[in-house]
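Please examine the sequence and the structure shown here before reading on.

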Amino acid sequence: MQAAAKLRSTVVKSTGKNFAESYLEYARENGGVRVDQQFEPYPGVQFDDETYRGDAYPAFGWAAAVAEVHVDLDTGEVSVQDIVAADDIGHAIHPVLAEGQVEGGTLQGVGYATIEEIKLADGRYLNDRLATYLIPTSLDAPRITSILVEEPFSGAPHGAKGVGELPMDVPAAAVVAAIHDATGAWVHDLPASPERILAVLHGIKPPPPPGISTTTPRSPDIAPSASYAGVPDSALDPAPDARTDPQPTRGPYDG
Amino acid sequence: MAYELNVNGADVSLEVPGMRRLLDALREDLGLTGTKEGCGEGECGACSVLVNGQVVDSCLVPVCQVDGANVMTVEGLAPPGSDLGILQRSFLETGGAQCGICTPGMLMAAQAYIDAGGGTDEVQIRTAIAGNLCRCTGYTKIIDAIAMAAAESATGLSQS
C-alpha cells in the first residue's frame, strides 16, 4: 500500500496533474516507475525469531467448533452429522460471503479429519487426482451452522481480521474429540480413517502417520546383480506406472 | 462428417472429429466458455451440461454421441438479452457461488433436479448434486439456493 502511494505521488509530483489523467502521458515520456518497499512489522508489534516470543501479528482471530458424529463400530466409518463453527473474524464486511468462507473452511476441516490423506511412495503422490484423493461430496457433508463473532480490530480497514484460513483450523479437533466421546478412542493421526479408529479400538498397530513416503522394494529379478554390473541405476527403474506417473494431458483433438 | 445438434435452442453443425469431447466442442468450437473443465476425468462435475435433459459430464461425452441431441449449457439459463434465471438469482441471493468453478455444473445439475419436479427436501437436493464437487462453500448455501429456486418454481407452476 505504501509502495503504491509512493508510485502515485512520484507521478503526480512530476506531472503536476491528477494521477488518473496524467499517468498514461507520464508512462509514455518516462517509461516505468520503480519503488522498493519491504515488509515492516505493525507498529508496536514485535516477534523474536530466536526465542519465538512476542506477537507475530497485531490481531488474532479465534475460532471454535462443535461436531456431532456417528461412528460405525463394525466398519470404523465416521459420519459427521452436524457441525457448528463460531469464528471471530473482526468485522464481517460481507456477512453472506463471510459465512460462506466459514462453512467452506469448516467442510475442508471435516474432510481433513475424516477422509483426506495424501499418500506417497518413493516421494511421489499415489493419489494425485480426484478419483483417488477424495474430498467430501454433498452427501458426505453435514449441514454447517456458522456463527460470525465480531470483535473489530481497530488497526485494519473496517475492523476486519481475516476469514480465509481461520475456519479450517478447528473442525478436525472437534471431530476427533467427538469420535473420542462416542467410542472412547483417541485417534492421534489424521484422517481418523476406519483403519485408524479400528486399530485404536482393538489395540493393534495403527497405520503410519500420513504424508510419509514409503519405499517400494525392488523386485528381486531386477535387483542389481553381477550381470547388471556397469548398467546405470536409472536403467533399472520399474516400468511406468499408470497410477503414479504423470499422465499426458488431453489435447483438443485427442480421441 | 458434420454433427447436427441443438445447443441452447439453436441448431448448430459441428465439423469435428467424432471423438472430440463435447466440453471442447462447446468451449472452443462454439465459444460457450461458461462450462468449465475441472478434473477432465468425470469425477468433479464442473463440466456438467444437460443432454436431452439428463445431466452428463461433458468431458466424458464424445461429440458423436450427441448427434441430433438437445444440449443445454449454463448459457441457456439466461440467453442474451434476458434476465438471470430463477436458479442463478437464488445462487446470487444465498451466496451459493464463491470461487465459481463448480457453479456452472451445480446450476445444470440443479436445473435437471428442478425440471424433474424436485422439491425443497435437503436429502433429495444433496443426492441431486452428489456428482458435483465443491471445495469452498461447504455446500450449505448451494443447497439453500436450490431449495429457494425449487420453492419459487413450484409457486410459479401453480400460479400459471
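How many salt bridges are there between chain B and chain A? The count is 6, where a salt bridge is a side-chain nitrogen of Lys or Arg within 4 Å of a carboxyl oxygen of Asp or Glu. The model is predicted, so local features need pLDDT of at least 70 and side-chain atom pairs count only at pLDDT 80 or more, whereas totals for chains, interfaces and linings use all residues. Residues are numbered from 1 along each chain as its sequence is written, chains are lettered from A and ligands numbered from 1 in the order in which they are written, and side-chain values use heavy atoms, with hydrogens and water left out.

**The interface**

In this model, 28 residues of chain A are in contact with 29 residues of chain B; contact means heavy atoms within 4.5 Å. The two chains bury about 2,500 Å² between them, 52% of it on carbon and sulfur atoms. Buried area is the accessible area (1.4 Å probe) that two parts lose on being put together, summed over both. Of the area that chain B buries against chain A, 25% comes from B:Arg126, B:Arg135 and B:Lys141, more than from any other three residues.

Across the interface, 13 residue pairs are in polar contact, both residues being at pLDDT 80 or more. A polar contact is a pair of N or O atoms within 3.5 Å; within protein, one must be able to donate a hydrogen and the other to accept it, and residues adjacent in sequence count only if both atoms are side-chain atoms. On the side of chain B that touches chain A, helix 1 (22-29), helix 4 (122-128) and helix 5 (140-159) of chain B each supply at least two residues. Helix 5 of chain B gives the most, with 4 residues. Helices (H or I, at least four residues) and strands (E, at least two) are DSSP runs, numbered from the N terminus.

**Salt bridges**

The structure holds 17 salt bridges over all chains.

Within chain A, A:Glu25 is partly exposed at 28% relative accessibility, and A:Lys17 is partly exposed at 39%. Within chain B, B:Asp29 is partly exposed, with a relative accessible area of 31%, whereas B:Arg20 is buried at 1%.

**Chain A**

Chain A has 5 helices and 7 strands, in the order α-α-β-β-β-β-α-β-β-β-α-α from the N terminus. Of its 255 residues, 28% are buried. A:Asn18 caps the N-terminal end of helix 2 (residues 19-30) of chain A, with a side-chain oxygen 2.8 Å from the backbone nitrogen of A:Ala20. After helix 2 of chain A comes A:Gly31, whose phi is positive, near 75°.

Notes: Buried means under 20% relative accessible area, exposed over 50%, partly exposed in between (1.4 Å probe, protein chains only).
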